[in-house]
Amino acid sequence: MKAWLSRLSADLKNPPASPAELARFELDHALPGTAYTLDPVPALGEGYCIRRRSDSSVIISGGPTGLLYGAYALILRMLSGEGIPDVLESAPRYPLRMINCWDNADGSVERGYSGRSLFFEGGRLSYDPFRMRELGRLLASVGLNVLCINNVNVHDPAQQLLENMLPEAAALADLFRPFGVRLMFSVDFSQPMRHGVSSADPLDPAVRAWWKAAAERVYQAIPDLAGFLVKADSEGRPGPFTYGRNHADGANMLAEAVRPFGGVIVWRCFVYNCRQDWRDTKTDRPKAAWEHYAFLDGKFAENVILQVKHGPFDFQVREPVSPLLLGMKQTNLAMELQLAQEYTGHQIDLYTMIPMWRELFDEIPENNIMSLAAVSNLGRDENYTGHPLAAVNLYTYGLLAWDPAMEAESAVSRWVRLTYAFDPDQERTLTALLLSSRRTYEKYTAPLGIGWMITPHDHYGPNPSGYEYDLWGTYHKANRDAIGIDRTAAGTGFLLQYPESLRKKYEDPETCPDLLLLFYHRLPYSFRMKDGRTLVQRIYDDHFEGKKETEAMAEILEALPFPDPDREIILSRMELQKRNAREWCDIINTFFRRLSGVDDLHGRVIYD
Ligand code: GCW
């Protein structure tokens with residue numbers, strides 16, 4: 001079973017070429033016997049309006065892609081048994097709803113847990129056109145409209161996307177076009193230097209000319225390319241800093257090159273010192289993005305979008321919202337999420353993300369961000385997401401990118417209904433399990449917002465001090481009395497980057513939410529939590545609970561009637577998750593008991 005896709009029955013061997021014709025094609029196959037009219041209203045753009053008439057036929061009005069989105073909305077609601085109200089009007093909140101693939105030209109996928117790349121193999125584009133259409137359908141059915149196909153770390157020969165690989169990339173764009181999905185490419189900031197230009201300095205006229213010519217060539221081949229995605233001056237990637245320029249200089253130079261063609265530059269803000277000395281207590285990595293970008297607010301061209309990871313660190317299980325997403329009012333911002341479960345269980349452990357995303361959206365004012373991006377969890381595996389239940393993250397991401405007010409429970413239960421033919425009790429059981437899975441994972445891994453107690457590099461399984469004496473700026477500084485870094489004004493001052501209301505809430509350990517305590521504060525193990533428990537007891541309790549909940553989840557999954565091959569994959573991965581939860585629980589608890597010398601109040605087993 002391929003997520004909700006199996007509910008769409010039209011054969012994609014030779015689908016129509018335009019979104020509106022595709023809408024008709026999908027409707028005729030998925031809802032035979034339903035009388036409908038497609039009513040093109042260009043002004044509705046990507047939006048649609050579905051109205052039921054008295055004779056129970058329906059009329060779908062919409063712009064060119066709106067008709068397709070309306071068709072999918074109708075089909076999926078009917079097939080899930082949800083049905084439609086008399087009038088259903090909808091339009092996406094964000095114009096760009098992006099998927100960022102970290103696929104390399106050699107066919108590997110950075111942080112990929114679903115098999116090899118869907119697009120590349122052996123240094124060239126290599127794809128199955130049928131699967132590309134299926135992927136187009138998968139994305140369009142939840143309203144996603146931009147697909148960046150290559151890794152932000154642009155390794156050789158991925159630069160060729162702008163050159164030798166361009167004709168094949170144009171053919172790929174043709175496959176996605178009927179689905180309203182536009183391609184995007186990650187580009188290497190130093191690319192002109194491969195062509196005899198002596199620098200990549202954004203203010204050098206030769207560099208500017210090179211990018212203009214490159215953009216012209218690329219847009220001639222793919223006129224609707226969404227634009228370029230750039231990781232610059234980050235983790236060894238080239239960028240404007242080499243030339244004493246700032247990131248507005250760099251981004252605006254590229255923006256000028258793509259502007260005539262309606263393209264955008266999505267510029268990532270994941271910039272920090274990844275060669276920090278652990279002895280250095282002045283540098284505090286979460287402060288980095290703000291320090292690099294906040295002072296440039298208002299200096300970026302109109303077609304630049306700064307893409308900011310949702311938290312100030314890097315996709316940890318729990319982080320506060322990045323202050324940059326709250327602070328840059330004169331700049332187009334995109335929030336970057338990560339569907340790939342890099343730190344969150346490698347698509348082995350269950351981790352449904354929408355409860356976490358809800359917390360983020362509830363913290364960010366409505367108008368602060370204009371686009372969303374998510375790192376892909378897709379790959380060449382038959383089911384696309386490795387773990388069949390990881391597809392819930394792609395589906396709910398699409399729903400949220402369309403409507404950020406979407407409620408977690410209804411989004412997840414819709415996915416369950418579309419994916420499995422369960423009875424209502426089973427549906428509720430699986431929905432509840434998925435919704436609780438993030439909290440469970442959080443409980444058995446690094447405690448209370450401290451992050452980073454994961455095995456270095458690979459990022460699966462526990463290693464409490466694996467990053468402690470390393471150069472990535474991710475330290476917990478646990479000693480026999482206390483743990484954490486003081487990020488208040490009295491400490492590193494990170495909290496000063498927040499608006500006052502949030503700063504106030506977080507700066508006092510008494511008002512700071514428990515689950516973020518160790519992100520902001522250095523606290524003794526004897527610190528009293530709001531419910532009276534000590535910090536260290538809370539850590540023990542969470543870990544024992546996380547392990548127990550995982551065992552309970554395994555029993556629940558075993559009892560649900562998943563079809564094959566899902567059942568086999570789900571149950572075998574659950575065995576691995578149980579082992580992982582046990583390992584985390586025992587190692588983290590042992591780590592804290594050895595340091596603190598404090599026993600568990602309830603006498604449970606913690607190792608010496
Ligand atoms: O956390 C790091 C990941 C890298 C990734 C980087 C980024 C694509 O471990 O694999 O590189 O983030 O987001 O650029």
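Analyst: A disulfide is here a pair of cysteine sulfur atoms within 2.5 Å. The model is a predicted one, in which local features need pLDDT of at least 70, side-chain atom pairs count only at pLDDT 80 or more, and totals for chains, interfaces and linings use all residues. Residues are numbered from 1 along each chain as its sequence is written, and side-chain values use heavy atoms, with hydrogens and water left out.

User: How many disulfides does the structure hold?

Analyst: The structure holds zero disulfides.

User: On to the ligand. Which residues come nearest?

Analyst: There are 14 residues around the ligand, and Glu110, Lys231, Lys309, Asp314 and Glu342 come nearest. A residue counts as near if one of its heavy atoms lies within 4 Å. By class, the shell has four nonpolar, two polar and eight charged residues; Asp, Glu, Lys and Arg count as charged, Ala, Val, Leu, Ile, Met, Phe, Trp, Tyr, Cys and Pro as nonpolar, and the others, Gly among them, as polar.

User: Which side chain has an N or O atom 3.1 Å from a ligand oxygen?

Analyst: That is Asn153. For Lys231, a polar side-chain atom lies 2.6 Å from an oxygen atom of the ligand, and the side chain of Glu342 has an N or O atom 2.6 Å from a ligand oxygen.

User: Now the rings. How many aromatic pairs are there?

Analyst: The count comes to 28 aromatic pairs. Rings of Phe, Tyr and Trp (its six-membered ring) pair if their centres lie within 6.5 Å; planes under 30 degrees apart count as stacked, over 60 as edge-to-face and the rest as tilted. Phe313 and Trp452 form an edge-to-face pair, 5.6 Å centre to centre with 75° between the planes.

User: Are those two residues buried or exposed?

Analyst: Both Phe313 and Trp452 are buried. Ring pairs link them into a cluster whose members include Tyr343, Phe519 and Tyr520.

Technical notes: A polar contact is a pair of N or O atoms within 3.5 Å; within protein, one must be able to donate a hydrogen and the other to accept it, and residues adjacent in sequence count only if both atoms are side-chain atoms. Buried means under 20% relative accessible area, exposed over 50%, partly exposed in between (1.4 Å probe, protein chains only).
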